[in-house]
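Please look over the sequence and the model shown here, and then follow the sections below.

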Amino acid sequence: MLKRTVTGAIYVAIIVGFFFLRDYVDYRLFNILTFAFCAIGTFEVARAVKPYLQKGNFTLAVIYGAAFVPVFCVFEYFTRLNGAIACVILTEVLFFYQWLSALIRESNVGVAGVKNVFKSFAVNVLPFLYPALLLLTMVCANELDSGFICLVLIFAVSPCADTFAYLVGMTYNKIRKGKAKKMCPNLSPKKTWAGAIGGVIGGIAGAVVVYFAVDKTAITETAKISPIIAFVLIGVFASILTEIGDLFESYIKRKVGIKDMGRILPGHGGIMDRIDGMSFAAVFVFLTFLLLL
């Protein structure tokens, strides 16, 4: 427990440090944190599914994960091409490469082998989509005029949802003497519907706290709906997506037979064990700011 607490404190301190650098030195420095998430996260996902990858794809995925954010930065800051477009093009090239590779590998199996084509493709393309493509919204959020608020929400709502889900789920399960209704017993035996509801409440609470804590000047004049309504919506849907992200990673880990994605965070597992839900939530938070705020 002590090891987990110390690791958690250091992890939070690093994140707060990058917010400080972003706000007081240069906003682009925050991309270093996203780079670390993307590079380490991609490595962890590729390592988890390595036994099922086509030869060479593990190395290619690791290189891709390490290059993803730098590619964004180079094109965004030193060329006229949008960095996000450059990253999407890079991902599409690898996406179609994996699709063609899967077709070639299974070209002699006939109609019955179509299912194998999709399985092979899905496994081999996974490290090139997850988490990099989700985290692309985080580097894009950093470029917004309201980027600070957007990023604070991304880093606040998901942990609040996780914490409330754990506390409410555990408490309710004790009240019910271990008979709380499970949400996905075969996938994640400890998750309950009570915990899921608690997670949504926690996400809303986190979003509302952020609303009252930050300077909203950057969004008050451009918002298409009431900012408080937007923040509540973010709290609801980002917490739901956090839960979906947790379940998605649980599915991967169960399929490959591992407990944690890594050991870089003692007591917590790997980077993906920390950002699985947050990476899904980041997509909704960014789109809400882009379209409504």
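## Lining of the second largest pocket

The model described here is a predicted one. When its residues are sorted by class, the lining of the second largest pocket holds 11 nonpolar residues, no polar residues and two charged residues. The volume of this second largest pocket is about 330 Å³, and of the 13 residues that line the pocket, those closest to its centre are Val 49, Ala 122, Val 123, Leu 126 and Tyr 251.

Two elements, helix H5 (114–129) and helix H10 (227–256), each give two or more residues to the lining of the second largest pocket. The largest share of that lining comes from H5, which supplies six residues.

## The largest nonpolar core

The largest nonpolar core has 67 residues, of which Phe 37, Leu 153, Ile 154, Phe 155, Phe 231 and Phe 289 touch the most other members. If residues up to four places away in sequence are not counted, Phe 231 touches Ile 149, Leu 153, Ala 207, Val 210, Tyr 211, Ile 219, Phe 289 and Leu 293.

In soluble globular proteins, nonpolar side chains tend to be buried together.

## Ser 101 in helix H4

Ser 101 belongs to helix H4, which covers residues 83–105. Is Ser 101 buried or exposed? Ser 101 counts as buried because its relative accessible area is 15%, and buried means under 20%.

Along the chain, Ser 101 and Val 214 are 113 residues apart, and a separation of 49 Å lies between their C-alpha atoms.

Technical notes: Residues numbered from 1 in each chain as written. Predicted model: local features only at pLDDT ≥ 70, side-chain atom pairs only at ≥ 80, totals over all residues. Heavy atoms only, no water. 1 Å grid on protein atoms, 1.4 Å probe; cavity = no way out; pocket = protein on both sides within 12 Å on 5 of 7 lines; lining within 4 Å. Points joined across faces, edges and corners; volume = space filled by probe spheres on them. Helix = DSSP H or I, 4+ residues; strand = E, 2+ residues; numbered from the N terminus. Nonpolar A, V, L, I, M, F, W, Y, C, P; charged D, E, K, R; others polar. Core = buried A, V, L, I, M, F, W, Y, C linked by side-chain atoms within 4.5 Å. Buried < 20%, exposed > 50% of the residue type's maximum accessible area, 1.4 Å probe, protein only. Contact = heavy atoms within 4.5 Å.
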